[in-house]
Amino acid sequence: MSDIDYPFDIHACPSPAYVIDDALLRKNLELLGQVQERSGARILLALKGFAMWDCFPMIRDYLVGTTSSGQDEARLGAETFGGQVHVYSPAFTGEEMQVVLRYADHLSFNSPGQWRHFRDTVAAASRPVSCGLRVNPEYSTGAVPLYDPCAPGSRLGTRAADLAPADLEGLEGLHFHALCEQNSDALEHTLDAFEAHFGPYLAGLCWVNFGGGHHITRADYDIERLVRVIRDFKARYPHLTVYLEPGEAIALNTGYLVCTVLDTVVNEGTIAILDTSATAHMPDVLEMPYRPEIIGAGEPGEKAHTYRLGGLTCLAGDVVGEYSFDAPLTIGDRLMFTDMAHYTMVKTTTFNGIRLPSICRIDEASRRVRTVKTFGYEDYRQRLS
């Protein structure tokens, strides 16, 4: 594997390790900053997608704040990022609400019932909080049912048929989140559905949150259409502030997962066992599902030597996929999965006691690799008792 042109020294980090390339991260952020400037929308970092707070000093030079799914993400955003803190959850406990109100600037409720339950608590908070309601435009554009919040029977957001003008009393915004890894045409069509269902309520509000799922930094994303859609919306409703909260676009194609071959076995083909895991370290490979790219590897049969790549857990289906290589894999060889920044670190587990991958960064100028965090026995132990 030594003849492959890697973007950094693959042996300069621990194994396994997530490695974030600062130069690629800044490239995404510069594009997002331009979208903000041209469209007039405000873009938030969705912590559910990328929460590596060692990178926040760079990110906050471009984005206005963070959006979170509960008390701990809200606190992390407030303490390590700053700026605006937006919070949404399908439901809050009373104890969690007390914590959230210490940090939230915007707070979206999932139902009128949640708003009625907590409105007096919000009013008694020691700091002002702008509250809104998540709504369901009932317009599905995604291809994966697992990630479709507008599917029939969805628990996420309030339908127009279940909303009355009195339900919005005291609220200042509406929030819809309906996309997943999609282009701006999907946003435009979803926005049409949103306005058709909820347009009559917009005159009395202050802001609208278009949610996430906008793949803005993907190479084929139609940015001109996005800018036009937002500008046209703001022309129709000049009193409204528009927010976007992409989960993937911030860190899309900015990171890698470096791992090592530990063994090879044969069973109806050759299997390479890695020091990482699909189920524990890159769960979207199984949930989405999808086949991540490996630098220097090809499709099965494309190159001379094909392997099924499996992880360390006891789960029989802990398999990343089949890949081919120019040379045979041997114990100690390192492999590099691409696009492993978003929805990876935030979703890892220690199933089977497998240690979490280290976290590293590549310096923009020197291209040197710095290890930000390593994990050991105490990280596993403290989760369980």
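In this predicted model, helix 6 and helix 7 meet along a contact to which helix 6 brings Ser 184, Asp 185, Leu 187, Glu 188, His 189, Leu 191, Phe 194 and Glu 195. From helix 7, the partners are Arg 225, Leu 226, Arg 228, Val 229, Phe 233 and Arg 236. The residues of this contact comprise 6 nonpolar, 2 polar and 6 charged. Helix 6 spans residues 184-198 and helix 7 spans residues 223-236; their axes lie 8 Å apart, at an angle of about 20°. Because angles under 35 degrees count as roughly parallel, helix 6 is roughly parallel to helix 7. The crossing of the two helices is left-handed.

Two further helix pairs share helix 4. Helix 3 (residues 71-80) and helix 4 (residues 94-103) have axes that come within 9 Å and cross at roughly 20°. Helix 3 and helix 4 are therefore roughly parallel to each other, and helix 3 passes helix 4 in a left-handed crossing. On the side of helix 3, the contact is made by Gln 71, Ala 74, Arg 75, Ala 78 and Glu 79, while helix 4 contributes Glu 96, Val 99, Val 100 and Tyr 103. By class, this contact holds 5 nonpolar, 1 polar and 3 charged residues.

Helix 4 also packs with helix 5 (residues 112-123), the two axes coming within 11 Å and crossing at roughly 40°. That angle makes helix 4 oblique to helix 5, and their crossing is right-handed. Here Gly 94, Met 97, Gln 98 and Leu 101 of helix 4 meet Phe 118, Thr 121 and Val 122 of helix 5. The contact has 4 nonpolar and 3 polar residues, with no charged residue.

Helix 3 returns in the account of the pockets. In the second largest pocket, the space amounts to about 680 Å³. Its lining consists of 23 residues, and those nearest its centre are Ala 51, Trp 53, Met 345, Ile 359 and Phe 375. Helix 3 and strand 16 (369-373) each supply at least two residues of this lining, and helix 3 gives the most, with 3 residues. By class, the lining of the second largest pocket is made up of 14 nonpolar, 3 polar and 6 charged residues.

The largest pocket holds about 850 Å³ of space. It is lined by 33 residues, of which Lys 48, Tyr 147, Leu 156, His 177 and Tyr 343 are the closest to its centre. Its lining divides into 13 nonpolar, 10 polar and 10 charged residues.

Across the whole structure, a search finds 1 cavity of 30 Å³ or more. About 40 Å³ of space lies in the largest cavity. Its lining is formed by Thr 67, His 86, Val 87, Tyr 88, His 106, Leu 107, Ser 108, His 175, Asn 209 and Glu 245. Strand 4 (84-88) and strand 5 (106-109) are the elements that give two or more residues to this lining. By class, the residues around the largest cavity are 3 nonpolar, 6 polar and 1 charged.

Conventions:
Residues are numbered from 1 along each chain as its sequence is written. This is a predicted model: local features need pLDDT of at least 70, side-chain atom pairs count only at pLDDT 80 or more; totals for chains, interfaces and linings use all residues. Side-chain values use heavy atoms; hydrogens and water are left out. Axes are lines fitted to C-alpha atoms, for helices over the stretch in contact, and angles run from 0 to 180 degrees between N-to-C directions. Helices (H or I, at least four residues) and strands (E, at least two) are DSSP runs, numbered from the N terminus. Angles under 35 degrees count as roughly parallel, over 145 as roughly antiparallel, 65 to 115 as roughly perpendicular and the rest as oblique. A crossing is left-handed if the near helix is turned anticlockwise from the far one by less than a right angle, and right-handed if clockwise. Contact means heavy atoms within 4.5 Å. Ala, Val, Leu, Ile, Met, Phe, Trp, Tyr, Cys and Pro count as nonpolar, Asp, Glu, Lys and Arg as charged, and the others, Gly among them, as polar. On a 1 Å grid over the protein atoms alone, a cavity is a set of points where a 1.4 Å probe fits but cannot get out, and a pocket is an open set with protein on both sides within 12 Å along at least five of seven lines; lining residues have an atom within 4 Å of a point. Grid points are joined across faces, edges and corners, and a volume is the space filled by probe spheres set on the points.
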